[in-house]
Amino acid sequence: MLRDPPEERTLDDLLSFGVVNLDKPPGPSAHQVTGWVRDMTGVDRAAHSGTLDPKVTGCLPILLGDATRMAQVFLEGTKEYVSVLELHGPAPVDIESTVAEFETKLYQKPPRKSAVSRRLRAREIYDLDLLEVEDRQALLRIRCESGTYIRKVCHDIGLALGTGGHMGHLRRTATDPFDDSTLVTLYDLQDALVFAEEGDESWIRDVVSPAERALTHLPSVTIARSAAREVAHGAPIYAPGVFDVEAGASRGDLVACYTDDGAVVCLGRLVGDADQEEGEVVSLERVLI
């Protein structure tokens, strides 16, 4: 069954296929916070956008209900953090140029306490800005590839500076396609749910977005409703069912496929062209209807 357009869904439909751009507080783990959101909203499942340590705060988009099927999208985007680098000695005069050298591809091994295999892997730092230096503290803004260990970046910068250093406070300010301009707290969510129970849904519709909001950083493919019904049964998307492929999308890209009213149907890999007359255009990865 195809979903209604995002702006026409009932509150129950919104909560069962929605996303909350949560401002994670310090203290609980990302897993704990996700469980609280699941219980508060009454959905059967919830999934977060990538682990944040208990002390870390900031952007933690949480997918609700059937939207948990699209959790892989957060592995495709970039992350942005603001971190305090605690130096073990006075900041050297060349700190800015030394920090700039880390704006590159780095090789990292996950920490011993990490849940993933401790294999050496490459992660890219797209932007690294030194915002402020005060005494033995340096404030950094880091935009990086998903899976980058900021704690290790801070440690290595400290070694390069010759002072030693470690990560102090860390806050995630963005995870594609969300940033800190639309964050909501657990208190916001709870209050909005109470107002909704009393008949005012305006606040909850500001706090919980349709799940399509989590896909806006992916190239889009518009498909026919007849093709969408076939996708629901596991069929790939063939050329006759494709109306449009967003400009700039390349073969191999993860794409989000929608019907013409903006309702998402599936995630898949682009394997063909929009103007071909026959053959497979999108191979399925996740059916979302």
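**Notebook: helix α5 and some buried residues**

I began with helix α5, whose buried residues pack against α1 (11-16), β1 (18-24), α2 (30-41), α6 (202-207) and β10 (208-210). For me, helices (H or I, at least four residues) and strands (E, at least two) are DSSP runs, numbered from the N terminus. Buried means under 20% relative accessible area, exposed over 50%, and partly exposed in between (1.4 Å probe, protein chains only).

A note on what I am reading: this is a predicted model, where local features need pLDDT of at least 70, side-chain atom pairs count only at pLDDT 80 or more, and totals for chains, interfaces and linings use all residues. Residues are numbered from 1 along each chain as its sequence is written, and side-chain values use heavy atoms, with hydrogens and water left out.

**Entry 1: helix α5**

Which residues of α5 are buried? I found L186, L189, A192, L193 and A196. They cover an arc of only 130° around the axis, so they sit on the same side of α5. That arc is taken from the directions from the helix axis to the C-beta atoms.

I also checked the length of α5 (residues 186-197): at 1.5 Å a residue its twelve residues should span 16 Å, and the end C-alpha atoms are 17 Å apart, which agrees. The expected span is 1.5 Å times one less than the number of residues. Just after α5, I noted that G199 takes a positive phi of about 105°.

I moved on to V208, in strand β10. At 0% relative accessibility, V208 counts as buried. Leaving aside neighbours within four places in sequence, V208 is in contact (heavy atoms within 4.5 Å) with L14, L15, G18, V19, V20, L64 and L189. How far apart are V208 and G18 in sequence and in space? They are 190 residues apart in sequence and 6.2 Å apart in space, C-alpha to C-alpha.

**Entry 2: N21 in β1**

N21 is found in strand β1 and is buried, at 5% relative accessible area. Its side chain makes a polar contact with the side chain of T182, at 2.9 Å. A polar contact is a pair of N or O atoms within 3.5 Å; within protein, one must be able to donate a hydrogen and the other to accept it, and residues adjacent in sequence count only if both atoms are side-chain atoms. Beyond four places in sequence, the contacts of N21 include C59, L60, F178 and L183.

**Entry 3: aromatic rings**

How many aromatic pairs does the structure hold? I found two. Rings of Phe, Tyr and Trp (its six-membered ring) pair if their centres lie within 6.5 Å; planes under 30 degrees apart count as stacked, over 60 as edge-to-face and the rest as tilted.

F74 and F178 form a tilted pair, 6.4 Å centre to centre with 35° between the planes. F74 lies in the loop between β3 (57-64) and β4 (78-87) and F178 in strand β9 (residues 178-179), so the pair ties together parts 104 residues apart in sequence. Both are buried: F74 at 2% and F178 at 3%.

F195 and W203 form an edge-to-face pair, 5.4 Å centre to centre with 65° between the planes. F195 is partly exposed at 36%, and W203 is partly exposed at 28%.

**Entry 4: T259**

My last stop was T259, in the loop between β14 (254-258) and β15 (264-270). T259 counts as buried, at 5% relative accessibility, and its side chain makes a polar contact with the side chain of D261, at 2.6 Å.
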